[in-house]
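Here is a short report on a structure with two chains in contact. Keep the sequence and the 3D view open as you read.

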Amino acid sequence: MTRSGENPRPAAETALVTLSIDGREVTVPEGETILAACTAADVETPTICWAPNLTPVNVCRVCVVELEGSRTLVPACSRPAEAGMQISTDSERVRHSRRMVLEFLGSANDLSQASEIADWSRTYGADPARYEGSADGGGDLPLRPEPERVDEPVRIQDDLYIRAYDRCVLCYKCVEACGDDAQHTFAIAVAGRGFDARIRTEYDAELPDSACVYCGNCVAVCPTGALQFRTEFDLRAVGEWRPDDQAVTRTVCSYCGVGCNLELHVQDERIVKVTSPADHSVTSGHLCIKGRFGWQYVHAPAFEPPTTSVTEH
Amino acid sequence: MADLHFSDAEPTASERRAVLAALSVDEASDGAVVVSHPRVVRAGMQRRKQMRHQLLPALHALQREAGWISPGGLNFVGRTLGVPPAEAYGVATFYEMFRTEAPAHELSVRHVCVDPICALAGAASLAEHLRSQGHAVHEGPCLGQCERAPAVFIQGRREPDRVPADGSGPDSLLVSVTASAPETPSLLRHMIGRDHGHSESMSMEAYRERGGGAALDAALSLGTDEVISQVTAAGLSGRGGAAFPTGIKWRAVADGEGPKHVVANIDESEPGTFKDRLLCELEPLAIIESIAVAGLTVGAEHGWIYIRGEYPLATQRLRYAIAQAHSAGWLGDDAAGSGQPFDIELRRGAGAYICGEETALFNSLEGFRGEPRNKPPFPTTHGLFGRPTVVNNPETLLNVNEILRIGPEAYRSVGTEGSPGTKLFCLSGHVGRPGLYEAPFGITLGELLGLAGGVQGTLAAVLLGGAAGSFVGPDAGELQLSLEDTRAAGTTLGSGPVMVFNDTADMSAVVERLAKFFRDESCGQCVPCRVGTVRQHELVTQIRRTGRSTEPQRELLGDIADAMGDASICGLGHTAASAVLSAMQLGLLGDTAS
């Protein structure tokens, strides 16, 4: 990063590549992804497992695009842009696979708190109800047995955050944030296989017994509310979670000298959540337990010094 | 690597011993590949990273010793190898052969295959019988013994793993159309008619008498460029199913910067496939020789064998062959007098179909979950440990030996223009003589079935290519079994399984089992395959229950198939609908209603 006025070094020769997105020529620096090229071309791309502050794992497959010459669709989020690529982002094949991914998730998970996925599902016409049993299949037999869903109890093991894995779409973001993309704690990983794969601590140990350090970085990147701050969970339980009524104030964490920026989400004059901007140069959106959860003192009763009577002689 | 957090659970003394024995002793190889004593392991971060690839052997040791992967045992492995316990647990829960819940297995576990061929042969009643005798039984996917169905594999508890049929039943049938003419390629030439139970025939001396070692000599005298140009001129393509040109793969790795790797992929798990098992059991030194040819040709220092955990006899014989290759000087710091170091380390899988996918295999071998990587980048540039890697299966590697023996022109004298050479076909099910058949590419399906003693009863369907392949009907006798002809006919040879069903087989049950197979074997990483295989299985189950399919059901199956084929990460998802769709087209899944 160069600031104006200091060290005016000539920019290193960054190779550029030009490719075609939906028939439009786009030029991006070499090493950028197709997703970045789409964004540069003002083409909006749905993503679930991608985040600007995490390494792409390309597992949700909702960002797939059609690449001329490729037998299958390719994930925009992780495929590097190459010169001369011919990309279609709105072909029948692309729309079909995106719709099916969203439909699959809708048929398997509780997405009631995944507003972005809900928006994309509307855009692509996803209809998870297609998988539900109905009586019009074969006489008195249902068309299909009830589709298997991810069925998990809410895990509430502490005062800081909850885990509701029936909402988990296995985007791997929490694992990445807990692991070598941010925290390097490795408290959670994917365990099991196939539809039974779940995010787990070892042997599903309770969080306080695990390696978890309560940085909350997993909660910050979760796209479905499967991981949720306890404040939000409790407010939702009583119907009092109102994002539209929340003010977001940016400030600097008061604990140490690193300078992490915080975004305080305030509802009814109470802090209900703390995040950090993903593009902040210090945090990349990640915080520690103090910045993330150590704000209760703000709401403590103001300190009143004891009244003493001083008798002067 | 951060400081790791472990629970208070401690290993038992026997768990500790078992793990240390697995880590510090490497049965066969000593040298080229990192073989570290635990004391060295704790020397530093870099060492720890290098140790993670020993996670799978360590978990195998725990499972065998304790009957499960206990928290104390997992902690010990994690501390020793520097692997976070949550990640080690994630790896342990990935595999069929590891148990992560108490109580431990007190007994050896009898794995009984319930995939289509074994199901026809009475796998269900066999499992019931074994249970009634007080055995621990686990019904699971194909065990690669389809020619002698129903298959059983015994996962030993305080005893070695074994397959009851090994050495007790009749030898598996081997037939080769090309073995009689010396100037044609034949992988089975020296395996047919030999007494394989006799350990003498497994010795280096006996192997040399059969002409063994010639390929390695030829490779060293020809040099990298000439070997690769011969392989390319011969038109050799990979025999694992994807049929990628071997010469192109080797050229790319030879041109890459070291360190480089060669991996023999012996994780064949495609239902109906057992050829690589037989090749390794019957001529293990040829496999070792062919890996050395590949390694010295592309300039790799490290050779790896990744073999199915369910293949104890092949594993034992390959280890013996590696030891003999060491004694003979084929492996080591100056491998076969080449001046290059090359060594081979053997690793056992632990029960996961997906680990036959090359990038999933890399992850598994490196001590991670066997989840496929996105391609590109391809293994030729970013393979095992991120290095340029040749990965081939034994059948492909043995073909290189044959090319070096007779030259590319003679090699091309059999087969078709587009598919030179021979193919190993695994015949199973309702044929007169199930077994391993070698025939030139282009043989018709009818001729092949004739070789195998013909169809028993009235043919209903043949499943080509296994679960990832597709069904052809009784009218497909004229189909030429070459890469190009099967592709044109909308089917595939895959790795060579030919599963034959007559009209007594409950085909809808076969199709439902195939759908279940993919549901069970999907790794779960990407959404289209993780959920798509479940929805497909649910639909097939319901269609089977009602005996007919409706238009909305067929449309939904097609929609699921398109998404899995287009948007999945790897070949498992891409092919997970192919057998089901072909069965639907052939009417094997009941009537179609509007």
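Strand E6 (residues 154-156) of chain A pairs with E7(A) in the antiparallel sense, over three bridges. Strands here are DSSP runs of type E with at least two residues, helices are runs of type H or I with at least four, and both are numbered from the N terminus. Two strands count as paired if DSSP finds at least two bridges between them. This is a predicted model: local features need pLDDT of at least 70, side-chain atom pairs count only at pLDDT 80 or more, and totals for chains, interfaces and linings use all residues. Residues are numbered from 1 along each chain as its sequence is written, while chains are lettered from A and ligands numbered from 1 in the order in which they are written.

**Strand E7 of chain A**

E6(A) and E7(A) form a hairpin, with four residues between them. The bridge partner of A:Ile156 in E7(A) is A:Ile162. E7(A) also pairs with strand E10 (residues 227-229) of chain A. That pairing is antiparallel and has three bridges. Here A:Ile162 stands opposite A:Gln228.

Which way do the residues of strand E7 (residues 161-164) of chain A point? A:Tyr161 and A:Arg163 point one way, A:Ile162 and A:Ala164 the other, and all are buried. A residue is buried if 20 or more other C-beta atoms lie within 10 Å of its own, exposed if 12 or fewer, and partly exposed in between, with C-beta atoms placed from the backbone.

**Chain A as a whole**

| Feature of chain A | Value |
|---|---|
| Helices | seven helices |
| Strands | 13 strands |
| Box filled by the C-alpha atoms, along the principal axes | roughly 95 × 70 × 40 Å |
| Buried share of the 313 residues | 44% |

Contacts tell us more. Two residues are in contact if their C-beta atoms, placed from the backbone, lie within 7 Å. Among contacts in chain A between residues at least 6 apart in sequence, 53% join residues at least 24 apart.

**Where the chains meet**

The contact takes 49 residues from chain A and 45 residues from chain B. On the side of chain A that touches chain B, helix H2 (92-108) and strand E8 (189-191) each supply at least two residues. H2(A) gives the most, with nine residues. This side of chain A divides into 27 nonpolar, 13 polar and nine charged residues. Ala, Val, Leu, Ile, Met, Phe, Trp, Tyr, Cys and Pro count as nonpolar, Asp, Glu, Lys and Arg as charged, and the others, Gly among them, as polar.

**A sheet in chain B**

Chain B has an open sheet of three strands, in the order E2-E1-E3, with mixed pairing. Strand E2 (136-140) and strand E3 (152-155) of chain B are at the edges with a single partner strand each, so one side of each lacks a neighbour in the sheet. Strand E1 (residues 109-113) of chain B pairs with E3(B) in the antiparallel sense, over four bridges. B:Arg110 has B:Ile154 as its bridge partner in E3(B).

**Helix H11 of chain B**

Which residues of helix H11 (residues 224-234) of chain B are buried? They are B:Val227, B:Ile228, B:Gln230, B:Val231 and B:Ala234. Seen down the axis of H11(B), these buried residues fall within an arc of 160 degrees, so they line one face of the helix. The arc is that of the directions from the helix axis to the C-beta atoms. The buried residues of H11(B) pack against helix H10 (214-222), helix H12 (246-255), helix H14 (284-298) and helix H17 (394-411) of chain B. After H11(B) comes B:Gly235, with a positive phi near 70 degrees.
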